[in-house]
Amino acid sequence: ITKFDRACRLLEKKDYAEVFDIMKDAGEKYDPFMQRAKGAYLENLFRKGEFEFLSIKINELIKTKDGWHHWINKYIVAKQIHLLYSAIPIDEDYIYGKSLLKILIYFLQNDHRRLLECLRVWPDHFYNFPRFCLEFDKVFYRCQEA
């Protein structure tokens, strides 16, 4: 039985730590398998509601812009983005646009302290600032009408 066969069986059993240990030096040939294993591990943590632990582990396991978009959206839908937003790598290699805008809009509607924190830290060219201003106006006018 090969290391890969063993890792496949362990993945079926959701023994992610063993899979990662066995395959840590497997090489590029197994990258697609490892991406699938990492995704399964993260999805498993999410299903279990382990959002805080997942937000710590996610930086080690997600290395693509698409991966970050996926998880940002999942956390927003689950109303757990407050646990993830500070882990998001904010640099030129990961310009998130719509995903960062979604976080800002979520915080605009639900958490002003975190909204201000994001606005201070995130460069406005990383998200659609004019669109955010429109959303801000909508919320502001709703508040005035109430």
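**Helices, rings and buried faces in a predicted model**

Colleague: Where is the place of Glu52?
Modeller: The structure is a predicted model. In this model, the place of Glu52 is in a helix that spans residues 51-61. That helix is H4.

Colleague: Does Glu52 count as buried or exposed?
Modeller: The relative accessibility of Glu52 is 54%. A residue is called exposed when the value is over 50%. Glu52 therefore counts as exposed.

Colleague: What distance separates the C-alpha atoms of Glu52 and Val77?
Modeller: Along the chain, Glu52 and Val77 are 25 residues apart.

Colleague: Which residues of helix H1 are buried?
Modeller: Helix H1 covers residues 3-12. Its buried residues are Ala7, Leu10 and Leu11.

Colleague: Around the axis of H1, what arc do they cover?
Modeller: Ala7, Leu10 and Leu11 are the buried residues in question. They are placed on the same side of H1 because the arc they cover around the axis is only 100°.

Colleague: What covers the buried residues of H1?
Modeller: The cover includes two further helices, made of residues 16-23 and 31-47. Among the covering elements are therefore, by name, H2 and H3.

Colleague: With which residues is Asn44 in contact, leaving aside its neighbours within four places in sequence?
Modeller: Asn44 lies in helix H3 and counts as buried, at 10% relative accessibility. Once the neighbours within four places in sequence are left aside, the contacts of Asn44 are with Lys14 and Tyr16.

Colleague: In which loop does Lys79 lie?
Modeller: Lys79 is a residue other than glycine with a positive phi, near 60°. Its relative accessible area is 55%, and Lys79 is exposed. The loop that holds Lys79 is the one between helix H5 (65-77) and helix H6 (81-84).

Colleague: How many aromatic pairs does a search of the whole structure find?
Modeller: One of them joins Phe4 and Tyr30, with 5.0 Å centre to centre and 35° between the planes, a tilted arrangement. Over the whole structure, the number of aromatic pairs found is eleven.

Colleague: How many residues apart in sequence are the parts that the pair of Phe4 and Tyr30 ties together?
Modeller: Phe4 is partly exposed, at a relative accessible area of 27%, and Tyr30 is partly exposed as well, at 22%. Phe4 belongs to helix H1 and Tyr30 to the loop between H2 and H3, so the pair links parts whose separation in sequence, in residues, is 26.

Colleague: Which aromatic cluster includes Phe46 and Phe51?
Modeller: Phe46 and Phe51 are both buried. Lys74 lies over the face of Trp71, at 5.6 Å from the ring centre, and Trp71 belongs to the cluster. The cluster is formed by Phe46, Phe51, Trp71 and Tyr75.

Colleague: At roughly what angle do the axes of helix H7 and helix H8 cross?
Modeller: H7 is made of residues 98-110 and H8 of residues 112-121. Their axes come within 7 Å and cross at roughly 145°.

Colleague: Which residues of H8 make the contact with H7?
Modeller: By class, the contact has six nonpolar, two polar and one charged residues. From H7 come Leu104, Phe107, Leu108 and Asn110. From H8 come His112, Arg114, Leu115, Cys118 and Leu119.

Colleague: Within what arc do the buried residues of H8 fall?
Modeller: The buried residues of H8 are Arg114, Leu115 and Cys118. On the other side of H8, His112, Arg113 and Arg120 are exposed. The buried residues line one face of the helix because, seen down the axis, they fall within an arc of 105°.

Colleague: How far apart in space are Arg142 and Leu115, C-alpha to C-alpha?
Modeller: Arg142 has its place in helix H9, residues 129-145, and counts as partly exposed at 49% relative accessibility. In sequence, Arg142 and Leu115 are 27 residues apart. Their distance in space, C-alpha to C-alpha, is 18 Å.

Technical notes:
Residues numbered from 1 in each chain as written. Predicted model: local features only at pLDDT ≥ 70, side-chain atom pairs only at ≥ 80, totals over all residues. Heavy atoms only, no water. Axes fitted to C-alpha atoms, helices over the stretch in contact; angles between N-to-C directions. Helix = DSSP H or I, 4+ residues; strand = E, 2+ residues; numbered from the N terminus. Contact = heavy atoms within 4.5 Å. Nonpolar A, V, L, I, M, F, W, Y, C, P; charged D, E, K, R; others polar. Buried < 20%, exposed > 50% of the residue type's maximum accessible area, 1.4 Å probe, protein only. Arc of directions from axis to C-beta. Phe/Tyr/Trp six-rings, centres within 6.5 Å; stacked < 30°, edge-to-face > 60°. Lys NZ or Arg CZ within 6 Å of the ring centre and 35° of its normal.
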